[in-house]
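Reader: I would be grateful for a close look at the aromatic rings of this chain. Please state the criteria as you proceed.

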Amino acid sequence: MRIHLFKQSMHRCRALAAILPVGIFICVTLLFGATACSNKGTSVNVLHSLTEGNLAGEPIVLSSDSVKSIETQPGGECLKLDLSNIGKRTPASEIYASYRFVPLETTGKSIVGQVEKILACDGCFCILDRQNANVVLFEEDGRYRCRLGEKGHGAGEHVDAWDIAYDRENNQLVLLDLSGRKLLRYDMHGKLQGVEPMYYLYSGLEFWKDHMICHTGNAHNGFSDILDRCQLVIADRAQMPVAKGFQVSEEARSQFTYATRLRNFLGETYFDDLLSDTIWSIRGTYKVPFAEVREKGKARFTHNERKHMTDRLYVERNEACLHAIAWHVTPRYVSLTVVDPSADRHKQISNLVYSRKSGDYRCCSHGRKPQRLGDHLAGSSIDGICGEDAFIRIVEPMQLVSCLKSEEIRNIMSEEERGLAESLSLDDNPILMIEKLYDF
């Protein structure tokens, strides 16, 4: 990495050395060196591997002029998503055209404790179980395919499984071991392809073409003033940072825990700026406003509140107004999981679906008599996407088993659904419910 001011100083010094006495040369060298180091526009950081032992790679040298700010690039029309549309209730049977269940095979190696993240990629489902530090792959029909590595401190093992990302360019899964301070790359059948150390702290990872998008959040990268207090760092494939963005003040970081999200849906990477309720599309070193989330045109926080945010104020606002706690994007739809603090406790969470083609909203109704088992289960949150027009919900075995105890629900279950529920044990793995939406 070139450090321009330093090199310019050295070139000048060498030229002067040929014509000046040694004493004058030394003085000039010190003068130019001091000028270069004191230039306020340039700072230099040498980042060493955060991992000890055989993963300690070559250090990364950064300069403040090489890590640019993420630029805003005008894109298509920014969506205006209005949460107040949860008042327009629609039966689930008029939102989801069909659904199917995919029971995940339960074996000694495939046990899933809690689904933190689910990816539908390359003919399989990839399940991140952060609780048990496992990443498990299942075939499209739910049969166990493989598990990514083993938990431990040995070579090729991981201490935790904090995040998982699908690298489409290389058709690989990349496991982020935050405690172990390393990345582990696997092919789609669980074979380890490589291990790389981390050079700075980030808790989330996604890919956009040849760029790594690292979610640093409120991590204290105090060893690098170039990267610190930036929520996103964009790097190349070798983890060399090339851009940074979404900076927070030290005041806000010390008083507020940022709960922003970084997600990739079918090759597009999105980041939500939580305080401004805006979802951004991250395209390499650019950000494009994708959607503004509002309630009747009003933002949740004022400019002054965003500037001086605290955990307490954030909770107070959540208790006073509608807000989205999850979102999923496909090329045709946007799903928002919305909390309405003013509703009855069992009706506070709703799923709002927005059509990017028609601009129409549909929200599952509560309390209406379901016509299908899938309609009864549609009140749970959406956990992932499965193509352009299908969502994934995680259904626990207890939910299906309890359906057999309700005569009303049992009567609307198909023979196949009753057979599935009767075959389940409460210790079995979750079931995926794949719901295909109507074209609206």
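Author: A residue is termed buried under 20% relative accessible area, exposed over 50% and partly exposed in between, with a 1.4 Å probe and protein chains only. By that criterion W327 is buried, because its relative accessible area is 5%. The model is predicted, so local features need pLDDT of at least 70 and side-chain atom pairs count only at pLDDT 80 or more, while totals for chains, interfaces and linings use all residues. Residues are numbered from 1 along each chain as its sequence is written, and side-chain values use heavy atoms, leaving out hydrogens and water.

Rings of Phe, Tyr and Trp (its six-membered ring) pair if their centres lie within 6.5 Å; planes under 30 degrees apart count as stacked, over 60 as edge-to-face and the rest as tilted. This rule gives 13 aromatic pairs. Ring pairs join F265 and W327 with Y270 and F290 in a cluster.

F301 and Y314 form a stacked pair, 6.0 Å centre to centre with 25° between the planes. Because F301 lies in the loop between strand 23 (286-294) and helix 4 (303-307) and Y314 in helix 5 (residues 311-318), this pair ties together parts 13 residues apart in sequence. F301 is buried at 3%.

Technical notes: Helix = DSSP H or I, 4+ residues; strand = E, 2+ residues; numbered from the N terminus.
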